[in-house]
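Below are some points on this model, set down for discussion. Please read them with the structure open.

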Amino acid sequence: MKIAVVILNWNGSKLLERFLPSLLKYSPEATIYVADNASTDNSISVLKANFPTVQIIENKENFGFAGGYNEALKYIEADIYALVNSDIEVTENWLQPILETFSNEPTTAIIQPKILDYKNKDYFEYAGAAGGFIDKYGYPFCRGRIFETLEKDTQQYNDDCDIFWASGACFFIRSSVYKLLKGFDADFFAHQEEIDLCWRAYNKGYTITYNSKSVVYHVGGATLQKGNPKKTFLNFRNSLLMLVKNLPKSSLYSTLFIRMVLDGIAAIKFISQGNFSHGFAVLKAHYSFYCLFSENYKKRDVVQKQTYYKTKSIVFTYYVKSGTVFEKLF
């Protein structure tokens, strides 16, 4: 299988200098690309001077995560796309288990490796951990990470298994499936677009899996810091858009209503804690959602599967029942 490792970059020259060496060292099977999202730093000159074997694709503007990959992948021919954040450190033999799975399991369309914290390598990393799921209302969580609680890696998730979504931090997908699904939804710009893509793949009967034999380390928040209100806005808005596109029609409006009530409670909590900018970001997200509702409703596929969620409410389980460890909950 021909595999292309594609790194989306925006003003990340320091990250490229730091993490490209390990990627080049441990990826002899792959062609390495950097898709630059119209950076204004010295990213391009750094690549040309220090990494001459890396292929460069220059997007004309900053299309965000979703649009940036959509634009760049038009120019890449491969059987498998490995979409890798610029703040990922890979390990030896990280590609072999992934390629073996794709070769042996024809219905597997998307794979996520084990993602550990670069800054604290004994622990899972927030964005993906050991594979993602959602609850009935679209709240994402992972094996190894539920909301703010990160588990230590004691090999408890070394069982390869089917998951609902794979992290965009390190995301493997068959190019044929990516093209069939028309890639990420560019309207999302960034955040939750990988969950939406996985949900659309799931509705079409494809399988998403987690492979523990492939291990990477993720810095996290290198482009948009966790405390940035824009991140809050994108997460809340895009989660609602994802629900409109993918929920079963029979439960669409009732589920959306409850989710929006829960979002309102989250906004009140932000404000009560003095995080006014984040509370306002939630309100802004809802306004943007209303404006985009009709357009995104038209994107609904013919089939939406009823069995998409792992639990009814991870919010209730986490905050009321104090269930913080995935392994003990499921």
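1. Helix α4 and its cover. The buried residues of α4 are covered by elements that include β1 (3-9), β4, β6 (108-117), β13 (170-174) and β14 (207-218). The helix itself runs over residues 96-104, and its buried residues are Pro97, Ile98, Leu99, Thr101 and Phe102. The model is a predicted one, and the points below should be read with that in mind.

2. Length of helix α8. This helix takes in residues 252-272, 21 residues in total.

3. Buried side of α8. Which residues of α8 are buried? They are Leu252, Thr255, Leu256, Arg259, Met260, Asp263 and Ala267. These residues cover an arc of only 130° around the axis, which puts them on the same side of α8.

4. Surroundings of α8. The buried residues of α8 pack against α7 (229-246) and α9 (276-297). On the other side of α8, the exposed residues are Phe257, Ile268 and Ser272. Just after the helix, Gly274 has a positive phi of about 85°.

5. The structure holds 1 cavity of 30 Å³ or more, and the largest cavity has a volume of about 60 Å³. Its lining has 13 residues, of which Ile7, Phe19, Leu20, Leu23 and Ile88 are the closest to the centre. By class, the lining of the largest cavity comprises 9 nonpolar, 3 polar and 1 charged residues.

6. Where the cavity lining comes from. At least two lining residues of the largest cavity come from each of α1 (13-25), β4 (80-85) and β5 (88-90). The largest share is that of α1, with 6 residues.

7. Second largest pocket. This pocket has a volume of about 220 Å³. Among the residues lining it are Leu180, Leu181, Lys182, Asp185, Arg200 and Asn203, together with Lys245, Asn246, Lys299, Arg300 and Asp301. Two or more lining residues come from each of α6 (193-203) and α7. The lining of the second largest pocket divides into 8 charged, 2 polar and 2 nonpolar residues. Helix α7 is also a packing partner of the buried residues of α8.

Definitions and conventions: Residues are numbered from 1 along each chain as its sequence is written. This is a predicted model: local features need pLDDT of at least 70, side-chain atom pairs count only at pLDDT 80 or more; totals for chains, interfaces and linings use all residues. Side-chain values use heavy atoms; hydrogens and water are left out. Helices (H or I, at least four residues) and strands (E, at least two) are DSSP runs, numbered from the N terminus. The expected span of a helix is 1.5 Å times one less than its number of residues. Buried means under 20% relative accessible area, exposed over 50%, partly exposed in between (1.4 Å probe, protein chains only). The arc is that of the directions from the helix axis to the C-beta atoms. Contact means heavy atoms within 4.5 Å. On a 1 Å grid over the protein atoms alone, a cavity is a set of points where a 1.4 Å probe fits but cannot get out, and a pocket is an open set with protein on both sides within 12 Å along at least five of seven lines; lining residues have an atom within 4 Å of a point. Grid points are joined across faces, edges and corners, and a volume is the space filled by probe spheres set on the points. Ala, Val, Leu, Ile, Met, Phe, Trp, Tyr, Cys and Pro count as nonpolar, Asp, Glu, Lys and Arg as charged, and the others, Gly among them, as polar.
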